[in-house]
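I opened this entry to look up the pockets and what lines them. The structure goes in first, then my notes.

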Amino acid sequence: MKKNEKVAGNSRRNFLKESSLALAGFYIVPRHVLGGDGFVAPSDRLQVAGIGVGGMGYNDVSGVFRSGKADIVALCDVDDTRAKRSRDEHPKAKYYKDFRELLEKEDKNIDAVTVSSPDHMHAVQAMMAMKMGKHVYVQKPLSHDIYEARMLTEAAEKYKVVTQMGNQGSSGDGVRKMVEWYNAGLIGEATKVYSWTNRPVWPQGIPWPNTPMTPPEDLDWDLWLGTAPYKDYVGNLVPFNWRGWWDYGTGALGDMACHIMEPPFRVLELGYPKSAECSVGSVYVGEFQRGYFPDSCPPSSHITLRFDRPGKEDLEFHWMDGGIQPTRPEELGPNEQMGDGGNGVIIEGTKGKMMCSTYGVNPQLLPTSKTKEINVAETQYRVPDGDRGHYNNWVEACIAGYGSQEFERLSSPFSIAGPLTESVLMGNLAIRSYDYRVPRDGNPNQFDYPGRGIKLVWDGPNMKVTNFEPANQFVKRVYRGNYSL
C-alpha cells in the first residue's frame, strides 16, 4: 500500500472511530439536555395514580400534574359523577372504582399515589401503596385514628418512600418566618398557644337519619363505606357532610387543625401531648334534656392539650371550634382583626406574642406595629411558590428519591405530619371520651358520663390513656370486612 493510501485509510478509520464515539455520546446525553430548557425526560417524570379524584381529590391530581413533571396514568373513585372532571382532563388514565384493583393492576406502571378519599379510608389506601414501594401524598388529616397515624409514620421509614400530607400551609413562607422570629427570641419562651376555627360548616350534633334511601346509580355505596360499619345509604351525607359523622370523618379538628395547629407545632417543635381535656357544646332537645347523638361530632368544643418539654415548663395548647374564640390580646388594637376572623393562632411567650391566620398566612408580632420594625435573617428553606408549591415540593422529592436533598426539604413528610395528626386526633379522643356513658346503677334509662370533668393522661409512645381505660377504645378502630393495614 502506498504512503498516501495509508494516510487516507487511517484518516477514514479515525473518522469512523470518532464518528462512532460522537454518535454514542449523542445517545447517552440526558434527554432534558436535548430537549432544551423546560424539557423533562420521560425517565424524570413521575407516574401517578389518584385515589379519590372528585372535590379535593381533583385539586390534588391537578396540582401534581401542574408541576410539569408528573403524568396521571390511573384514576380511582367510587363515585362516577364526582370523578368526571378528572377523567375528562386525563382521558388516557385508566379508571377504577376499587383502589385495591388499581394498585394491583397498575403496580408496574406507577411510582406514586395521591389519596384524597374521606378520612376513614386514608390509612388503608396509603398503607397498601407504601407496602408496594409507592410514594404517597395523603390529604389531611393523615388518618382517622391515632393508631393509623402511628402505623403510617413507621411505614414511611420502613419502606423508604417519599410522603407528604396535604396541609399546604406547611410549605408557605409564613410558618418559616414565625420559626425564625421564635428562634431569634422575639417572644421569649412560649407558654401558651391558642388556635381556633369557625368550622364546622356542615351539620353536627344531630341524630343519624332514620330514613334509608337508595344510593345513586353512579355511587358504589359498599366501596364508599369501606372500613366503616355497614349502614344503609342516607341523604345529605355524600359528598361532603360525612365530615360530621364519627364513622367517616373527624369533625372540625380533622378538617382544620392540621392547617391551624401546624404553625405552632413546627415553631415549638412539639411531640406527643402528655394530657388532654375538653368541654363540648350541647344540643338540647327539650327542657333540661340534653340530646345524646353518639354518631355525630359535637357542634363545638374546646380542647386543652399539655406538652411536656424537658427543662422547660409545660406548654398549654388550646383548640377551639364551632365559633368559640380566645379573648383578644391586649396588644391587639380594638379594630384590628384577630387571625383571619374565623380562624387563627396566637402564641404567647415570656417576652411577647405572635399571631397568624389559617395556613400560617400573615404572621404578625403583637402589637402589629412591631412586625414592620423587625428584620430577622432568613434561616429556613423557602419552598418555591410557597404554599402553591406544596405539590411540586413532593413531586421533586419523589423524583430525587428517599434520602435526597429534595426529600430533606419536604414540608410535611409523615415524620412531621404523623405526630401532628396524633395530637389533633388526641382532641377527638377527649371529645369521644366526654360522651362515653354507662347506665346508672343498672337503670337503662339513666346514665353517668365518667369521662367528663377529668383530664386524660396520655402515654404517647405506647398510645394509651393511663387513667381512664374506656378512652382507649377510640385509639384504634375495628375495620369492616377484610380491610386491614
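Helix 15 (residues 414–434) gives the most to the lining of the second largest pocket, six residues. I took helices as DSSP runs of H or I with at least four residues, numbered from the N terminus. A pocket here is an open set of points on a 1 Å grid over the protein atoms alone, where a 1.4 Å probe fits, with protein on both sides within 12 Å along at least five of seven lines; lining residues have an atom within 4 Å of a point.

This is a predicted model, in which local features need pLDDT of at least 70 and side-chain atom pairs pLDDT 80 or more, while totals for chains, interfaces and linings use all residues. Residues are numbered from 1 along each chain as its sequence is written, and side-chain values use heavy atoms, without hydrogens and water.

I noted about 650 Å³ for the second largest pocket, the volume being the space filled by probe spheres set on the points, which are joined across faces, edges and corners. Of its 39 lining residues, Trp 246, Pro 294, Asp 295, Arg 432 and Phe 474 lie nearest the centre. Domain 1 (42–169) and domain 2 (172–385 + 413–474) each supply at least three lining residues; the bounds come from an automatic or database domain assignment.

I then turned to the largest pocket, which holds about 750 Å³. Among its 39 lining residues, Gly 54, Ser 116, Ser 117, Pro 118 and Trp 242 are closest to the centre. Helix 10 gives the largest share of this lining, three residues. Both domains contribute to the lining, so I place the largest pocket between them.

How values were computed:
Helices (H or I, at least four residues) and strands (E, at least two) are DSSP runs, numbered from the N terminus.
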